Amino acid sequence: MVRTRATGVSDTREMAEEALRVLVVDDHFVVRQGTRLILEAAGLEITGEAQTAERAIELVQEARPDVVLADVRLPGMSGIDLAAELHRSDPDLRVVILSSYANPGYVKAALAAGAAGYLLKTASDHELVSAVRSAAHGATVLDSSVSAELVAGGSAPDSVLTDREREVVGLLA
């Protein structure tokens, strides 16, 4: 998993004192429940679950999570469109895409839309929790196989990763 520190991040001590608040968005009930169990076991607070991006937008306004963990493919609006919408309305809200697809096009689109990361559903419980915490604290998180795909397929567009981030991805791959 690649982690890069963003500039202008709020004081991490402040966030560490409070439980991180996470909204889980996936159209599959069993995935939402499994994700909930993993995150709650790690001490994270689940503010809600949504089956659609539209419902997630409503819950974000009601519950004010720190991180939205969303599937890339949802009925109606996609997880990438959700990330873009949430980024427009609240640039500080962190969205991590959790997907079955290691498609470099999805990854680039998600990051360009303002997502804080892209993680595969094959991730371990530790990787999932670490990604959510890292994203909440301002990092960009990428599944290691996703970063390898990006490097193998050529450099990501300049608007997505900085030169230093591409260098780190290349070294890790």
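Biologist: Which kind of aromatic pair do Y101 and Y106 form?
Modeller: The count of aromatic pairs in this predicted model comes to one. In that pair, Y101 and Y106 have ring centres 6.0 Å apart and planes at 85 degrees. Because planes over 60 degrees apart count as edge-to-face, the pair of Y101 and Y106 is edge-to-face.

Biologist: Is Y101 buried, partly exposed or exposed?
Modeller: Buried means under 20% relative accessible area, and exposed means over 50%. The relative accessible area of Y101 is 34%, and that of Y106 is 21%. Y106 is therefore partly exposed, and Y101 is likewise partly exposed.

Biologist: Which residue lies over the face of Y101?
Modeller: A charge sits over a ring if CZ of Arg is within 6 Å of the ring centre and within 35 degrees of the ring normal. At 4.3 Å from the ring centre of Y101, the residue over its face is R73.

Biologist: Is V24 buried or exposed?
Modeller: V24 is placed in strand β2, residues 21-25. Its contacts beyond four places in sequence include R32, T35, L39, I46 and L69. The relative accessibility of V24 is 3%, so V24 counts as buried.

Biologist: Which residues does T35 contact, leaving aside its neighbours within four places in sequence?
Modeller: T35 lies in helix α2, residues 29-41. At 6% relative accessibility, T35 counts as buried. Outside its sequence neighbours, T35 is in contact with V24, L69, L98 and L128.

Biologist: Which residues of the largest nonpolar core touch the most other members?
Modeller: This core has 29 residues. Elements that each supply at least two of its residues include β2, α3, β4, α4 and β5.

Biologist: How many residues make up the second, separate core?
Modeller: V24 belongs to this second core, and V67, A136 and V141 are also included. The size of the second core is 19 residues.

Biologist: Which residues of β5 point the opposite way from R94, V96 and L98?
Modeller: Six of the six residues of β5 are buried. R94, V96 and L98 point one way from the strand. Pointing the other way are V95, I97 and S99.

Biologist: Which residue of β5 stands opposite V67?
Modeller: β4 and β5 run parallel and are joined by four bridges. Across this pairing, the β5 residue opposite V67 is R94.

Biologist: How far apart are the end C-alpha atoms of helix α6?
Modeller: Helix α6 covers residues 125-136, and its buried residues include L128, V129 and A136. The expected span is 1.5 Å times one less than the number of residues, so the twelve residues of α6 should span 16 Å. In agreement with this, the end C-alpha atoms are apart by 17 Å.

Biologist: What is the phi of R64?
Modeller: R64 lies in the loop between α3 and β4. Its phi is positive, in a residue other than glycine. Elsewhere, just after α6, G138 takes a positive phi of about 100 degrees. For R64, the phi is near 50 degrees.

Note on methods. Residues numbered from 1 in each chain as written. Predicted model: local features only at pLDDT ≥ 70, side-chain atom pairs only at ≥ 80, totals over all residues. Heavy atoms only, no water. Phe/Tyr/Trp six-rings, centres within 6.5 Å; stacked < 30°, edge-to-face > 60°. Buried < 20%, exposed > 50% of the residue type's maximum accessible area, 1.4 Å probe, protein only. Contact = heavy atoms within 4.5 Å. Core = buried A, V, L, I, M, F, W, Y, C linked by side-chain atoms within 4.5 Å. Pairing = 2+ DSSP bridges.
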